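Subject: Structure handover

Hello,

Here is the structure for your files. My notes follow below it.

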Amino acid sequence: MRPASRVAIGLLVLAVIGGAFLWGRRHAPPPAASPTPVAPPVAPVAPPPPPVKPAVLHPIAAASAPAALPALDHSDDYLEKALDELVGPKSVLSFLIVDGLARRFVATVNNLATDGAAADMWPVHRTAGRFDTEARVGGAVISGRNAERYAAFVRFVDGIDTRRAVALYVRLYPLLQHAYEELGFPGQYFNDRVVEVIDHLLATPDLAEPIKVKQVTVDGSARPSGAGLYVFDDPTLEARSAGQKILLRIGVENARRLKSKLRDVRQRIARGALPGGRLGETVSRPR
C-alpha cells in the first residue's frame, strides 16, 4: 500500500468515527442527568535536569608547603626571584618581561586560543629580526631561515625542568587565579583554561613545508611587494587562532619541540588522557 493511501484511509477512519460520534449525540435519547466527573489536574512533568558540569575539571593540588604570596599588584619582585631560581637570572633578563608578569602570563595563555593575542601583553620579549620569506613559483613561502630566529627561545623552553616549573606553577597558582578572575572570569578556574589552551595548541596541524604566505595592507587588501603584513595564503590557516598560527610560523622542528614540552606540562597539571587518545597517556597530579 502506498503511503498516500495509508494517509487517506487514516483520515477516512477519523472522519467516520467523528461522524458516528456526532450522529449519536444528535439522535440518541438524552441520558439521565449525572454529576460530571472532574478529572484531577495533571501535574506538569519537568524535563530532566541537564548534566551537571564539574565546577573544576583539573584541580591543582595545594602546595605541600604553602608560601606566603605577595599581593598581585606587588608580585613582580617575588616572581623575578622565583624565576631566577628556576632558569637563572641571565635567561630571565634575556627572554622574560617581569613587569606585570602574572597578568601578562594569564592574559597571553587565555588569548592564545583566540585571534587576540596582543604582542604588547606577551610575557616574553619580541623575537629579534624580521619575518623571512622566499620567492617561489606561485608566490612567497615562509623561509626555512625564519625558524632560526626562534631557535634560541625554543632551546630555552626545552631546557626548563618541567617538574620544577610545574612545582613553581602550583606554588604561584593563587596569584594566577586572582589575575584570571580579575581579567574578567570570576568563578572560573584558570588551570582548566590552561589545559584547554594546551589541547588547542597540540591540535595544530603538522604541515609539510614550505607554507605559502602573501602580503596585505593594513585593511587586508593584497600587496604584491614591499613592506606589509604577511598572512597565510590558505584562508583556513589564516582563520586559525593566534597560538596555532605561531606554531605554524616557527617551523616544523621548533613546533615539534614546543609541543613535546606542552605534553609534558599537561601530564603534570591535568587529569585524564589527551583528547583523541593521543599518545595514550594518563596524566598525573602535580607533584
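**Strand pairing**

In β5, Val-231 is the bridge partner of Lys-214. β3 and strand β5 (residues 229-232) pair in the antiparallel sense, over 4 bridges. Strand β2 (residues 139-142) pairs with strand β3 (residues 212-216), also antiparallel, over 2 bridges. There, Ala-140 stands opposite Val-213 in β3. Two strands pair if DSSP finds at least two bridges between them.

**Basis**

This is a predicted model: local features need pLDDT of at least 70, side-chain atom pairs count only at pLDDT 80 or more, and totals for chains, interfaces and linings use all residues. Residues are numbered from 1 along each chain as its sequence is written, and side-chain values use heavy atoms, leaving out hydrogens and water.

**Whole chain**

The chain has 10 helices and 5 strands. These are DSSP runs, numbered from the N terminus (helices: H or I, at least four residues; strands: E, at least two). Of the 287 residues, 32% are buried (under 20% relative accessible area, 1.4 Å probe, protein chains only).

**Arg-104**

Arg-104 is found in helix α4 (residues 101-112). Arg-104 is buried, yet has no salt bridge (a side-chain nitrogen of Lys or Arg within 4 Å of a carboxyl oxygen of Asp or Glu). Which side chain of opposite charge is nearest? Asp-99, 4.5 Å away. Lys and Arg count as positive, Asp and Glu as negative; His and the chain ends are not counted. Leaving aside residues up to four places away in sequence, Arg-104 touches Ile-97, Asp-99, Asp-120, Met-121, Trp-122 and Pro-123 (contact: heavy atoms within 4.5 Å).

Best regards

Notes. Buried < 20%, exposed > 50% of the residue type's maximum accessible area, 1.4 Å probe, protein only.
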